[in-house]
Amino acid sequence: MANIVIEKPKSSDIEKIKYLFKETITTAFIKEGIGHLTEDITNDINEKIHKLMRSFQDDSDVIFLIAKIDDVVVGTISYGPPNNDIRKITNNELNNMGEIGSIYVLPEFQGKGIASKLIKEMLSILDKKQVTAFCLDCGLKNAQQIWLKKFGKPYIIREDYWGKNSHHMIWLCNVSDFKGD
Ligand SMILES: CC(C)(COP(=O)(O)OP(=O)(O)OC[C@H]1O[C@@H](n2cnc3c(N)ncnc32)[C@H](O)[C@@H]1OP(=O)(O)O)[C@@H](O)C(=O)NCCC(=O)NCCS
């Protein structure tokens, strides 16, 4: 991954990022055995596009970063206000806490450390802004295993949130534990 670049997206990257959302979210749902939930897939993709566009506004409360290899957008990450599932599950307890989200890596580039690089870079930006903690949530079983290893024990597990045996997990983490040097 020598030629990987992590940077803020430019408007010329928007179409490539939309492609990444579509590919990654659709594949993730299929892998989970819920590829038939086409309305949920579309809503998820549109919600991420909306957040991306919000990050381009002046004085936006959303930060986006992308990972690029040879001009291909291979990964994304965002930071911004917590989403509705976090608000609902925590009874609005974390409303003032920023959420790290939109962590997506193109299927053929997964497992190569790209998400970890994006997380490290985002947390170093947050550290410079004197943000000390963040939250993160996940309802997909495959990604939950990755985040359990990376972020440890969740702050909350809401059992059966998405149906029987489909839990939702929320982590609450210190920036200093993950930002690296
Ligand atoms: C989840 C996802 C973003 C991870 O991206 P990635 O680039 O493949 O992840 P990385 O290779 O950087 O690995 C991240 C960490 O998880 C660990 N990990 C990787 N694969 C793992 C696995 N199968 N099981 C457990 N841990 C794993 C890595 O060791 C790494 O930890 P480290 O930084 O302490 O070494 C990616 O798989 C993805 O896009 N999935 C589909 C979309 C999705 O579910 N996104 C998350 C929504 S909440």
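**Helix H1**

The expected span of a helix is 1.5 Å times one less than its number of residues. In this predicted model, the 18 residues of H1 should therefore span 26 Å, and the 26 Å between the end C-alpha atoms of the helix agrees with that value.

Six residues of H1 are listed as buried: Ile17, Leu20, Phe21, Thr24, Ile25 and Ala28. Viewed down the axis of H1, these buried residues fall within an arc of 110°, so they line one face of the helix. An α-helix has 3.6 residues a turn, so residues three or four places apart point the same way. The cover over the buried residues of H1 includes helix H2 (38-55), S2, S3, S4 and H5. After H1 comes Gly33, which has a positive phi, near 80°.

**Helix H4**

The 15 residues of H4 should span 21 Å at 1.5 Å a residue; the end C-alpha atoms of H4 are 22 Å apart, which agrees. Buried positions in H4 are Ile114, Ala115, Leu118, Ile119, Met122, Leu123 and Leu126. Seen along the axis of H4, these buried residues lie within an arc of 160°, so they line one face of the helix. They pack against strand S1 (4-7) as well as S2, S3, S4 and S5. Just after H4, Gln130 adopts a positive phi of about 60°.

Lys117 also lies in H4. A residue is buried at 20 or more C-beta neighbours within 10 Å; Lys117 has 19 inside 10 Å and therefore counts as partly exposed. Apart from neighbours within four places in sequence, Lys117 contacts Ile4, Ile6 and Ala67. Between Lys117 and Ala67 there are 50 residues of sequence separation, but 8.5 Å from C-alpha to C-alpha.

**The largest nonpolar core**

The largest nonpolar core has 37 residues, of which Ile77, Leu118 and Met122 touch the most other members. At least two residues of this core come from each of helix H1 (14-31), strand S2 (63-69), strand S3 (72-80), helix H3 (84-89), strand S4 (99-105), helix H4 (114-128), strand S5 (133-138) and strand S7 (168-174). H4 supplies the largest share, seven residues.

Leaving out residues up to four places away in sequence, Met122 touches Leu65, Ile77, Tyr79 and Ile100. One of these contacts, Ile77, is itself among the core residues that touch the most other members.

**The shell around the ligand**

Around the ligand there are 19 residues, and those that come nearest are Gln110, Ala115, Ser116, Cys138 and Ala143. H1, S4, H4 and helix H5 (141-151) each contribute at least two residues to this shell. The greatest contribution is that of H5, with five residues.

By class, the shell consists of ten nonpolar, six polar and three charged residues. Ala115, one of the residues that come nearest to the ligand, is also one of the buried residues of H4.

Asn84 belongs to helix H3. A residue is exposed if 12 or fewer other C-beta atoms lie within 10 Å of its own; Asn84 has 8 within that distance and is therefore exposed. The C-alpha atoms of Asn84 and Ala2 are separated by 37 Å, and the two residues are 82 residues apart along the chain.

Notes. Residues numbered from 1 in each chain as written. Predicted model: local features only at pLDDT ≥ 70, side-chain atom pairs only at ≥ 80, totals over all residues. Core = buried A, V, L, I, M, F, W, Y, C linked by C-beta atoms within 7 Å. Helix = DSSP H or I, 4+ residues; strand = E, 2+ residues; numbered from the N terminus. Contact = placed C-beta atoms within 7 Å. Near = placed C-beta within 6 Å. Nonpolar A, V, L, I, M, F, W, Y, C, P; charged D, E, K, R; others polar. Arc of directions from axis to C-beta.
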